[in-house]
Amino acid sequence: MRNSKINRLELLKNNYPNKSDLEFVGPKNQTCRNIYLEELQDIYFSEKSLLISIPILIQKAASKEISDALTTHLQFTKEHIQRLEDFFDSIGEKNIILNYSSLYENESNTP
């Protein structure tokens with residue numbers, strides 16, 4: 001058993017000489033960091049889309065309770081977006097924020 005484990009490790013080392021590549025290699029040779037960033041980017045884009053849809057829902061709310069709940073949710077969404085932007089900035093991935101801006105925002109309708 002031990003020899004087979006060592007042989008598999010040697011095979012990995014030969015195929016992936018960079019130590020960080022040994023941490024995890026998934027589909028299309030994605031590392032854990034890349035997969036994590038893609039998931040956070042999806043969350044970020046979804047939260048940004050809520051900035052557009054929640055105010056519409058607030059206007060069409062059937063009761064004050066629903067309107068108040070949506071207003072609270074909108075505030076939490078803004079805070080969540082700010083935390084994600086701070087995180088992307090802190091790890092040197094500010095381009096994710098810029099990609100969103102270039103893809104989805106324009107001068108007349110900025111969320």
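Biologist: Exposed means over 50% relative accessible area, buried means under 20%, and partly exposed sits in between. With that in hand, is Lys64 buried or exposed?

Modeller: This is a predicted model, so keep that in mind throughout. Lys64 has a relative accessible area of 58%, so it counts as exposed.

Biologist: And what does the side chain of Lys64 meet in a salt bridge?

Modeller: Asp68, with 3.2 Å from N to O. Asp68 is partly exposed at 37% relative accessible area.

Biologist: How many salt bridges are there?

Modeller: Two. The other partners are Arg33 and Glu93, whose side chains meet at 3.2 Å, N to O. Arg33 is in helix α2 while Glu93 is in the loop between α3 and α4, so this pair ties together parts that are 60 residues apart in sequence.

Biologist: Why would those side chains pair at all?

Modeller: In general, side chains of opposite charge can pair when their charged atoms come close.

Biologist: Where do Arg33 and Glu93 fall on the accessibility scale?

Modeller: Arg33 is partly exposed, with 42% relative accessibility. Glu93 has a relative accessible area of 16%, so Glu93 is buried.

Biologist: OK, what else does Glu93 touch, not counting residues up to four places away in sequence?

Modeller: On that count Glu93 touches Leu37 and Phe88 as well as Arg33. The side chains of Glu93 and Arg33 also make a polar contact, at 3.2 Å.

Biologist: Which part of the protein is Lys94 found in?

Modeller: Lys94 is in the loop between α3 and α4, and Glu93 lies in that loop too. Lys94 is partly exposed, at 43% relative accessible area. Setting aside neighbours within four places in sequence, Lys94 is in contact with Phe88 and Asp89.

Biologist: Let's back up to the fold. How many helices and strands does the protein have?

Modeller: Four helices and zero strands. Along the sequence the pattern reads α-α-α-α.

Biologist: What share of the residues is buried?

Modeller: Of the 111 residues in the protein, 20% are buried. The accessible surface comes to about 8400 Å², and 54% of that belongs to carbon and sulfur atoms.

Biologist: And the contacts? How much comes from residues 24 or more positions apart?

Modeller: They account for 57% of the contacts with a separation of 6 or more.

Biologist: Switching to aromatics: how many aromatic pairs are there?

Modeller: Four. Take Tyr36 and Phe87: the ring centres are 6.3 Å apart and the planes are at 90 degrees, so this pair is edge-to-face. Tyr36 lies in helix α2 (residues 32-59) and Phe87 in helix α3 (residues 64-90), so the pair ties together parts that are 51 residues apart in sequence.

Biologist: What about Tyr44 and Phe45: how far apart are their ring centres?

Modeller: They are 6.1 Å apart, and the planes are at 55 degrees, so that pair is tilted. Tyr44 counts as buried at 1% relative accessibility, and Phe45 counts as buried at 17%.

Biologist: Which residues do the ring pairs link into a cluster?

Modeller: Tyr36, Tyr44, Phe45, Phe87 and Phe88.

Biologist: Now the largest nonpolar core. Which residues have the most contacts inside it?

Modeller: Tyr44, Leu84, Phe88 and Ile96, in a core of 14 residues. Helices α2, α3 and α4 (95-104) each supply at least two of its residues. The most come from α2, which gives six.

Biologist: What is Ile96 in contact with, leaving aside neighbours within four places in sequence?

Modeller: Leu37, Gln41, Tyr44, Phe45 and Phe88. Among them, Tyr44 and Phe88 are on the list of residues with the most contacts inside the core, and Tyr44, Phe45 and Phe88 belong to the ring cluster.

Definitions and conventions:
Residues numbered from 1 in each chain as written. Predicted model: local features only at pLDDT ≥ 70, side-chain atom pairs only at ≥ 80, totals over all residues. Heavy atoms only, no water. Phe/Tyr/Trp six-rings, centres within 6.5 Å; stacked < 30°, edge-to-face > 60°. Buried < 20%, exposed > 50% of the residue type's maximum accessible area, 1.4 Å probe, protein only. Core = buried A, V, L, I, M, F, W, Y, C linked by side-chain atoms within 4.5 Å. Contact = heavy atoms within 4.5 Å. Salt bridge = Lys/Arg side-chain N within 4 Å of Asp/Glu carboxyl O. Polar contact = N/O pair within 3.5 Å; in protein donor to acceptor, adjacent residues only side chain to side chain. Areas by Shrake-Rupley, 256 points an atom, 1.4 Å probe, with all protein chains shown as cover.
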